[in-house]
Amino acid sequence: MTALLDVTAVSKRFAMGGILSRKQTDAVVDVSFTLASGTPEIFTIIGESGSGKTTLARMILGLEDPSDGQIVFEGSSAEERRNAARRLAFMRRVQPVFQNPFEAFNPLKQVERYLEATARTLLGLKDRTAIEDAMDGALQKVGLSYAEIKGRFPHELSGGQLQRVAIARALIPEPALLIADEPVSMVDASLRMSIVNLLRDLRDTFGVSVIYITHDLATAYYISDRIMIMQKGHVVEMGPARPVLETPQHPYSRLLKQSVLSTENAGQGVLEPADRSIARAAWENAGSGRLVEKPDGRMVRE
Amino acid sequence: MADSTDILTVKGLKAYYRMAYFGIDREVRAVDDITLSIRRNEVYGIAGESSSGKTSLIKVLAAAIRPPLEVVDGALTYRFGDIEIDPYKASSEEVNAIRWKHLSYIMQGSMSVLNPVRRIRHSFSDFAFQPMGVDKKTFWERTRAHLERLNLSPDILRAYPHELSGGMRQRVTIALATVCQPEFIIADEPTTALDVVVQKDVLAMIRDVQRQMGSSVVFVTHDMSVHANIADRIGIVYAGRLVEEGPTRTLFTAPKHPYTAHLVGSLPRIGDTTTKAALEGRPPNLADPPSGCRFHPRCPLAIDKCKTEVPPLETVGQSHRSACWRADEVKPLAPVAGQPAQVTP
């Protein structure tokens with residue numbers, strides 16, 4: 001079985017400052033994971049801001065070159081995609097969904113023009129009815145229809161609808177992998193579950209693998225198959241989502257879980273900041289040790 | 001209704017955005033007939049989705065509205081000690097006299113509150129020196145003491161905003177809003193832009209400072225899990241109207257409005273693998289809201305009466321009010337584990 005996506009020992013360093021005060025920042029350090037083809041799954045990357053999760057997503061999308069290591073998608077690495085035709089072929093298979101739907105769409109253009117542009121460039125369609133069919137097909141998958149959004153501007157749609165249109169745009173070339181970078185953090189709580197349920201339906205019904213990037217542990221628990229927790233560019237814990245989130249082992253994972261606001265004690269005024277000793281252990285040992293495999297299939301940095 | 005323990009009473013408040021372009025009058029009813037009272041020494045949570053009018057409501061409460069938003073009807077009374085004031089009837093000098101000293105505001109975007117080209121101490125003297133009404137030396141002594149009480153080093157007064165992390169900046173804006181020991185604090189989504197770990201620390205800080213000073217806090221966010229942890233009472237706003245109000249625990253265990261039941265029931269939780277349904281439809285357009293109960297197009301319990309008659313906000317339990325024709329039939333979607341509902345008077 002070939003891998004859909006193979007990330008091997010990938011690192012990314014950014015240089016900051018001028019010639020005299022040059023500093024190196026490690027955004028991503030030695031990250032490896034594999035998504036198998038044929039078994040669609042939701043792979044979740046969790047971390048705070050600055051943990052390198054978005055940099056990793058940009059490298060997978062080919063928007064950033066890794067400093068070390070290799071990212072191979074369906075047998076081809078980024079170097080082999082230098083020419084336009086190969087690049088387009090890659091974009092047909094991997095599509096992004098971004099965080100803020102209000103920023104992703106130009107407020108002065110009808111939203112369908114984005115769908116149309118994707119259908120033209122990636123599917124090479126020229127015929128008007130074929131384009132409309134492709135748009136309608138993708139919109140049907142997200143619970144909308146072309147008739148509903150025809151001629152609409154972004155401000156005429158709610159945040160949840162707009163994010164669904166963004167996902168529909170990504171689905172037009174029928175990709176094998178969708179990279180969703182915090183797709184729900186800008187969407188209202190009441191509409192959030194419609195996006196999360198949609199990602200799950202895409203996996204179950206249409207066989208699309210999803211890399212779901214978030215800092216929300218509760219939705220991650222709800223939809224993920226596997227999970228990877230990142231701290232300052234390092235993977236600290238990786239494995240099957242539910243066991244990892246139920247009993248996290250690395251101090252940083254425990255700190256994240258403790259910080260989740262529970263509704264069990266609603267209205268009791270219980271609001272203890274996370275245990276300081278755990279937090280200190282988590283921060284001081286950031287990045288030290290190596291990943292060790294545990295009997296239940298998870299990897300923990302020790 | 002008017003009780004000596006109430007710091008703020010709002011009666012029949014209506015505030016509309018009114019526009020007249022090219023001879024066409026448009027009216028957006030962002031705050032529509034809201035009646036509530038806020039007690040001393042409590043955290044009152046306001047929950048609702050975007051464009052439900054919750055930001056308009058707190059702008060009206062803070063007396064910080066600008067045209068086209070205007071107060072059309074209703075009364076708003078603050079009671080600070082022996083001062084009793086309706087900011088829309090008082091002169092602007094009287095309103096300025098209560099600002100920051102009695103009534104302050106924690107804003108959402110900490111980066112846009114603090115002046116990026118000046119040190120933090122300038123923000124403090126700009127905001128708080130005049131309302132505090134003491135000489136410079138006492139002012140800085142009190143400011144330093146206040147920062148220390150909030151576990152912030154007084155050294156941050158010398159820093160520029162960009163030198164601080166997002167969580168630290170948000171803490172500075174909380175210190176800034178509370179330095180004059182105000183009795184009434186409005187917090188507009190102060191933690192929405194923060195990471196999970198930092199969010200909990202900032203919430204704990206707001207809660208601590210509220211307990212220390214015995215102030216009242218109006219806390220606005222759409223995230224029900226934040227409300228569960230910080231609010232004593234919650235008011236749910238839908239399409240410009242207050243649809244349910246009650247003690248936090250009661251709303252989480254025995255909601256009496258289908259919208260609240262949905263908000264509470266659809267929260268995903270670690271350890272819970274059941275499928276959570278999303279609410280169908282979209283938030284209503286406030287320029288042309290649905291007739292009758294504004295929630296009826298999305299409501300699973302809607303009957304014909306809901307389409308024509310507006311349900312009044314009626315008492316359904318101890319300090320628990322709900323605006324629903326079928327309040328008795330509302331069932332919580334997923335009961336919260338733990339002990340049964342406790343109603344704190």
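## The interface between the chains

In this predicted model, chain B and chain A bury about 3,900 Å² between them. Of that area, 56% lies on carbon and sulfur atoms. Chain B gives 46 residues to the contact, and chain A gives 47 residues. The count of salt bridges between chain B and chain A is zero.

On the chain B side, B:Lys200, B:Asn229 and B:Ile270 lose the most area to chain A. Together they make up 19% of what that side buries.

## A helix pair across the interface

Helix 11 of chain A (residues 251-259) meets helix 7 of chain B: their axes come within 8 Å and cross at roughly 45°. That angle makes helix 11 of chain A oblique to helix 7 of chain B. The crossing is left-handed.

From helix 11 of chain A, the contact uses A:Leu255, A:Leu256, A:Gln258 and A:Ser259. From helix 7 of chain B come B:Val196, B:Val197 and B:Lys200. By class, this contact has four nonpolar, two polar and one charged residues.

## A helix pair inside chain B

Helix 7 of chain B (residues 196-213) also pairs with helix 6 of chain B (residues 166-178). Their axes come within 10 Å and cross at roughly 15°. The two helices are therefore roughly parallel to each other. Helix 6 of chain B passes helix 7 of chain B in a right-handed crossing.

Helix 6 of chain B makes the contact through B:Gly167, B:Gln170, B:Arg171, B:Ile174 and B:Thr178. Residues from helix 7 of chain B include B:Val198, B:Asp201, B:Met205 and B:Val209. The residues of this contact divide into seven nonpolar, three polar and two charged.

Key. Residues are numbered from 1 along each chain as its sequence is written. Chains are lettered from A and ligands numbered from 1 in the order in which they are written. This is a predicted model: local features need pLDDT of at least 70, side-chain atom pairs count only at pLDDT 80 or more; totals for chains, interfaces and linings use all residues. Side-chain values use heavy atoms; hydrogens and water are left out. Axes are lines fitted to C-alpha atoms, for helices over the stretch in contact, and angles run from 0 to 180 degrees between N-to-C directions. Helices (H or I, at least four residues) and strands (E, at least two) are DSSP runs, numbered from the N terminus. Angles under 35 degrees count as roughly parallel, over 145 as roughly antiparallel, 65 to 115 as roughly perpendicular and the rest as oblique. A crossing is left-handed if the near helix is turned anticlockwise from the far one by less than a right angle, and right-handed if clockwise. Contact means heavy atoms within 4.5 Å. Ala, Val, Leu, Ile, Met, Phe, Trp, Tyr, Cys and Pro count as nonpolar, Asp, Glu, Lys and Arg as charged, and the others, Gly among them, as polar. Buried area is the accessible area (1.4 Å probe) that two parts lose on being put together, summed over both. A salt bridge is a side-chain nitrogen of Lys or Arg within 4 Å of a carboxyl oxygen of Asp or Glu.
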